[in-house]
Amino acid sequence: MIVLIGVSMLIFAIARVIPGDPARIALGPNATAEQVADLREKLHLNAPVVVQYGIFLRDLFHGDLGQSLYTNRAVTTDIAQFLPATLELVFVSGFMMIVLGLPLGVLSARYRGRWIDTAIRLVSLLGVSAPSFVWAVIFMLLFAFYLPIFPIAGQISDTIKLPAVTGFVMIDALIAGNLAAFFDALRHIILPAFSLALAGIGQAARLTRSSMVETYEKPFIEMARSYGFMESRIASHFALRPSLIPSLTVIGLDFAALLANAFLVEQVFAWPGLSRYGVQVILRKDLNAIVGTVLVISAMFLIVNIVVDLLIAFINPRIRLSQRPA
Amino acid sequence: MRRALFILLRNPLSLIGIILVAVVVLSALSADFLTPFPADRGAAVHFELANQPPDWPHIFGTDLVGRDLFSRIIFAYRISLFLGVVVLAIAVPVGVTIGLVAGYFGGWIEFLLMRITDVFLSIPPLVLAMSIMGVLAPTLTNGMLAVTAMWWPWYTRLVYNLARSEKEEGYVLAAEIIGASKPHILFREILPNCVPAILTKMTLDMGFVILIVSSLSFLGLGVQPPTPDLGSMVAEGAGYMPDSWWLTVFPGLAILFAVFGFNLLGDALRELLGVEQ
């Protein structure tokens, strides 16, 4: 909570050091001095900074992030329109990160020193070594142009019309009972989500491997072996669980990277998410919209980290069984 | 020292890392002599050569106004490395000092400093840099400022955790008893024990600074044309796929090449210095 207040202050501070008059920028060079003065009054730009921050906080608690000077709509409306597409991408990507990254790390640790370990380590290192937009461009070239397996861009084919219920296209398709639309959306999301996830997959695999290698040297693994448990069961039941804790922490942190890198991947695949909006408002110095976008992204990131902390508390018996609230 | 070198050279992955980093650094330093068309680093225009596929003498092809892509990539390395060095030269001392102070003194100092660090850590780095870049004019200096602003908290966190466990060690107590000054304890006693971890992270971070800077300029918020930059080259070429594939593929692979090298080297250092992740 303290952190969230701090975040709001920091973002507010960044937004207020803009050189130049935001009212003037918003109205354009042809506006009269009177119009500019009016808008300054309306935006409370003449008030002291502390008062401005107070007004900002008050509006924030009323769910009001102000008007975007770029779209002339409430910032919350804009964000509500663009956020679901970004979230859909980030969630699919996060899902890939977990279901691919963790098992790869487990495999790598189990076959430590063998060729499969070397291969996985090399691939995960390559994954973290290029920004997501480079992977996006390369995958697009390979799997959309040369081998046209996946569509080139967009979230869903233009011909398909869906009623917007949740704003999440794939969920909307399921609600509408339109399986064709669902699979169409699925095909559209695979390339962007995978390019976005690759760095996280590499990171998760590397970390899972190193913590599992450490766990494998603990006495209780030897005990399990001497009891005659199968190697696969030792890997999945005994060695994995304590290793999950650092991996989950990193996945939580990587979620931040996903949210930010979604900006890059969305640009490549013309994904209708927050990216274009975010970049546009930054280029146009649209105060309220910048503050709103950064605040929403940070809040999402904090929520994910709280969820991760709770999950860790659940997995770690030392926390789960202690009286102290986690 | 000789033993360390031997260990580094024995592992093929470390060896590859050293070679990649050496190639990147040396080519960036000697860009003026090495590149076939050093004049193409700036706003040169040769429309008669525009958009040529890779061929001799333009081994990576030419861009939309006919500049040699290979020369521009090498000069882009120079700028990326320069940015990386400057960012780390500012962010590491700042972050390390704050981390040492917070970890050693504890109490309300720790609370205050670490909450501020948490605030910076809870905004996704790229988004933080983007908003700073957006607010200021997108120039090279502001780019460094933005990336530095998001980089120091990671060192604070790293050193904070190390300092907190180090201060329980006997040697710190001994220094306190003989009445060593606080700065002496912080920088001469505790800091040397944190150096392996800091050094490893710095090597890895050279790669990640290159990555973040290229991401910013990919969005048009970083290094501005005509200064060559790997990220903006990819962005510029992305609209001309698949026909002019070389415009995006070579700058993209150049990023991969450099960052991969720093990552391999960082991993090797980590193993050599016995740093835990």
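**Salt bridges, burial and a helical pair of chains**

Modeller: The side chains of E217(A) and R112(A) meet in a salt bridge, at 3.7 Å from N to O. Bear in mind that this is a predicted model.

Colleague: Why is the pair E217(A) and R112(A) called a salt bridge?

Modeller: The cut-off is 4 Å between a side-chain nitrogen of Lys or Arg and a carboxyl oxygen of Asp or Glu. Here we have an Arg and a Glu with N to O at 3.7 Å, so the pair passes.

Colleague: What makes you say that E217(A) and R112(A) tie parts together?

Modeller: E217(A) sits in the loop between α9 and α10 of chain A, and R112(A) in the loop between α5 and α6, so the pair links parts 105 residues apart in sequence.

Colleague: Which residue forms a salt bridge with D117(A)?

Modeller: That's R209(A), with the closest N and O atoms 2.9 Å apart. D117(A) is in helix α6 and R209(A) in helix α9 of chain A, so this pair ties together parts 92 residues apart in sequence.

Colleague: How do you know whether D117(A) and R209(A) are buried or exposed?

Modeller: Buried means under 20%. D117(A) has a relative accessible area of 2%, so it counts as buried. R209(A) has 13%, so R209(A) is buried too.

Colleague: What else does D117(A) touch?

Modeller: Its contacts, leaving out residues up to four places away in sequence, are S108(A), Y111(A), R112(A) and R209(A). With S108(A) there is a side-chain polar contact of 2.4 Å.

Colleague: Why is α13(A) described as largely enclosed?

Modeller: Of its 29 residues, 21 are buried, so the rest of the structure largely encloses that helix.

Colleague: And how do you know that the length of α13(A) agrees with what a helix should span?

Modeller: At 1.5 Å a residue, 29 residues should span 42 Å, and the end C-alpha atoms are 42 Å apart, so the two agree. Chain A as a whole has 14 helices and zero strands, and 50% of its 326 residues are buried.

Colleague: What makes the phi of A270(A) worth a remark?

Modeller: Most residues other than glycine have a negative phi. A270(A) is not a glycine, yet its phi is positive, about 50°. The residue sits in the loop between α11 and α12 of chain A. A270(A) is partly exposed, because its 35% lies between the 20% and 50% limits.

How values were computed
Residues are numbered from 1 along each chain as its sequence is written. Chains are lettered from A and ligands numbered from 1 in the order in which they are written. This is a predicted model: local features need pLDDT of at least 70, side-chain atom pairs count only at pLDDT 80 or more; totals for chains, interfaces and linings use all residues. Side-chain values use heavy atoms; hydrogens and water are left out. A polar contact is a pair of N or O atoms within 3.5 Å; within protein, one must be able to donate a hydrogen and the other to accept it, and residues adjacent in sequence count only if both atoms are side-chain atoms. Contact means heavy atoms within 4.5 Å. Helices (H or I, at least four residues) and strands (E, at least two) are DSSP runs, numbered from the N terminus. The expected span of a helix is 1.5 Å times one less than its number of residues. Buried means under 20% relative accessible area, exposed over 50%, partly exposed in between (1.4 Å probe, protein chains only).
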